[in-house]
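I opened the notebook to record what I looked up, one topic at a time. The entries follow in the order in which I made them.

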Amino acid sequence: MTFDPKDLQHLEKDKARWEEQTLGSHLERAPERSDPFTTVSGKPIRRLYTPLDVPNLDYPEDLGFPGEYPFTRGVQPTMYRGRFWTMRQYSGFGSAEETNRRYRYLLEQGQMGLSVAFHLPTLMGYDSDHPMAAGEVGKCGAAIDSLQDMEVLLRGLPLDKVTTSMTITSTAAVAWAMYIAVCEQMGIAYDRIGGTLQNDILKEYVAQKEYIFPLKPSLRLVTDTIVFGSRHFPKWNTISISGYHIREAGATALQELAFTIADGITYVEEGMRAGLDVDEFAPRLSFFWDIHNDLFEEIAKFRAARRLWARLMRERFKAKNPRSWMLRTHSQTAGVSLTAQQPYVNVARVALQALAGVLGGTQSLHTNSMDEAYALPTQEAVTIALRTQQVIAHETGVTNTVDPLAGSYFVEALTNEMEEGALEYLRRIDELGGMVRAVELGFPQQEIANSAYAYQRAVERQEKVIVGVNSFVDETERRPIPILSIDEALQQRQVERLALLRKSRDKDRWNRAMDDLRGAALGNDPWGKDLLMPRILEAVKAYATVGEIIGLLREVWGEYTELNII
Amino acid sequence: MSNDRKIRVLIAKPGLDGHDRGAKVIARAFRDAGFEVIYTGLRQTPEMIVSAAIQEDVDAIGLSCLSGAHMHLFPKVMELLKAKGVDDILVFGGGTIPDEDISKLKACGVAEVYTPGASTQDAIAFVRDNLTRK
């Protein structure tokens, strides 16, 4: 069901006529503002889009119906007419107690799911009393050293009703084990525990840089969690394949899409290599996109991603379960777009980015707070960010119909170009020997660094206007805004807590658990088969700390050293 | 400083923070502006940074931190430089740093602090104009 070639021919002639008769004389009188016009990613945009820009668009093949292959129009048949996306504010700071209070507050304010931010020492596998943790305790998220802290973090929260996302990767297995252990204490059965583990290790080497181990053992650990999840946790997304950090590190929208899909392909291959049938685990793979400033480019990225993933899963990996074809995604407004200058203006940026995420069909959304170019957000700033989502959901009317921009010549052309561009990158990555090899060679890292630099130069040359930064600058308007500060005494309290824990726990159980884990980590069993997860779970229940568990794995597996790419 | 020697700048990432976009962009901008740039890579302790700065005989150090640990890490670098008797290396920094911390960092010797949205050209000009090594 495409356009009739005869009609297109006719249209082409008519367009030439319009260019000559109407456009030409108009341009003479009133030239355009810029040449070329480009997206935030530097992609040229044409003046006008017509059927000539999507001559081969085939409705059933390329768009279809929502809830059906290829899911271009959305993963659910009714989208937001059924239920809104999950409003999920990523949050965590200071101590487990403080963060628990913030979670209760956010749930009272209408937030629909939890999203845990851990502080950097937890993410990097160090306890709060490690020298590398100095100055970092509680800064980027909640200080979680052991199951004891997790018990406090989750105290009194309805974990049988809300789903929880945990933004953690290198040490994801340990955090997940802690979460499972708390759910066990609450009497919640495994098959009722719902949530998401970020767990996307490849993007750490590519962009976020919170890697610990070399690539191979890291992938083994990720695969292990996928296997464990597919066996016991039908409602848990074992991995959130993340473009967010790739974009924030400087990638273009296209690079974000391409590298993230390439990472996804690798996890599918690893899962299958571990002996799983693709349909056993692919339905639990989820995604995470960044939403930057360029409204239509972002919408096209979401739509292209769904179609591309569906096609790859069905054609390349022969998945049969429609749920395996479905790209479900969380998304977050672009932290990197927030400005320290005139910070209140960030509220407008976030609202428009969030709108793009909704028009793109996201399943879950985090809106950044206006003060995040300075620090973690205050409660007031987070509330405005959450209210922004509520305004989009309840007041704008964009949720009344499914995929409202489908059929726009511009949006469909951009969607096509996004998919084609990503396929071209995937071909290059395949030629290099796959994503793991590409990462070892520094290919995506260098591409991202180049884009980041090109963007910065474009901003500094005024080729891209950033309101308040390189245009409409008004230093007198820069009023101090309230900033969240983290109690510097927290580190000492965590150190004391750890000392007490190490003295009071059952030493024999701890020893047994750690020995057992070491044996498994040393093992050379086929990928994913020796199941590290049950042993990590037992170690966590024996109150082994994050630093102890990861320290042991560091000893066995070694550490990754990064290529020096600028 | 003799004319044939390029100005040497160490771009450093102290602490656990992995956000290296800014550090890499600034490193490249300095390089394109004719500086000799040494990038430390991630997860450097203040001790490692100071020892690299001395070993590489740099004229300036740029510290980048977006994890909120700047109030521990930057002053620590200044303290260690002082302890080593180094007082002629220009130290500047950047990251997600609240205004009230900027004045405190300047008080302990960090010459300038850049926040998101800052221009690389401003930083380059600042370093050129404020080098203390002759």
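Which residues in α6(A) meet which residues in α21(A)? I noted that this is a predicted model, in which local features need pLDDT of at least 70 and side-chain atom pairs count only at pLDDT 80 or more, while totals for chains, interfaces and linings use all residues. Residues are numbered from 1 along each chain as its sequence is written, and chains are lettered from A and ligands numbered from 1 in the order in which they are written.

**Entry: two helices.** I found A:Ala173, A:Val174, A:Ala177, A:Met178, A:Ile180 and A:Ala181 on the α6(A) side, and they meet A:Leu532, A:Met533, A:Ile536, A:Leu537, A:Val540 and A:Lys541 of α21(A). Here two residues are in contact if their C-beta atoms, placed from the backbone, lie within 7 Å, and helices (H or I, at least four residues) and strands (E, at least two) are DSSP runs, numbered from the N terminus. I sorted the residues of this contact into 11 nonpolar, no polar and 1 charged, where Ala, Val, Leu, Ile, Met, Phe, Trp, Tyr, Cys and Pro count as nonpolar, Asp, Glu, Lys and Arg as charged, and the others, Gly among them, as polar. The axes of α6 (residues 172-186) and α21 (residues 532-541), both of chain A, come within 9 Å and cross at roughly 65°; axes are lines fitted to C-alpha atoms, for helices over the stretch in contact, with angles from 0 to 180 degrees between N-to-C directions.

**Entry: backbone.** I read that most residues other than glycine have a negative phi, and most peptide bonds are trans. A cis peptide bond joins A:Asp35 and A:Pro36, with omega about -5°, and A:Pro36 lies in the loop between α1 (5-29) and β1 (37-38) of chain A. Another cis peptide bond joins A:Tyr69 and A:Pro70, with omega about 0°, and A:Pro70 is in the loop between α2 (59-63) and β3 (86-87) of chain A.

The loop between α2 and β3 of chain A also holds A:Phe71, whose phi is positive, near 65°. Is A:Phe71 buried or exposed? I found A:Phe71 buried, with 26 other C-beta atoms within 10 Å (buried means 20 or more, exposed 12 or fewer, partly exposed in between, with C-beta atoms placed from the backbone). A:Phe472, with a positive phi near 50°, has 13 C-beta neighbours inside 10 Å and therefore counts as partly exposed.

**Entry: two chains.** I noted that 27 residues of chain B are in contact with 33 residues of chain A. On the side of chain B that touches chain A, the largest share, 5 residues, comes from α1(B).
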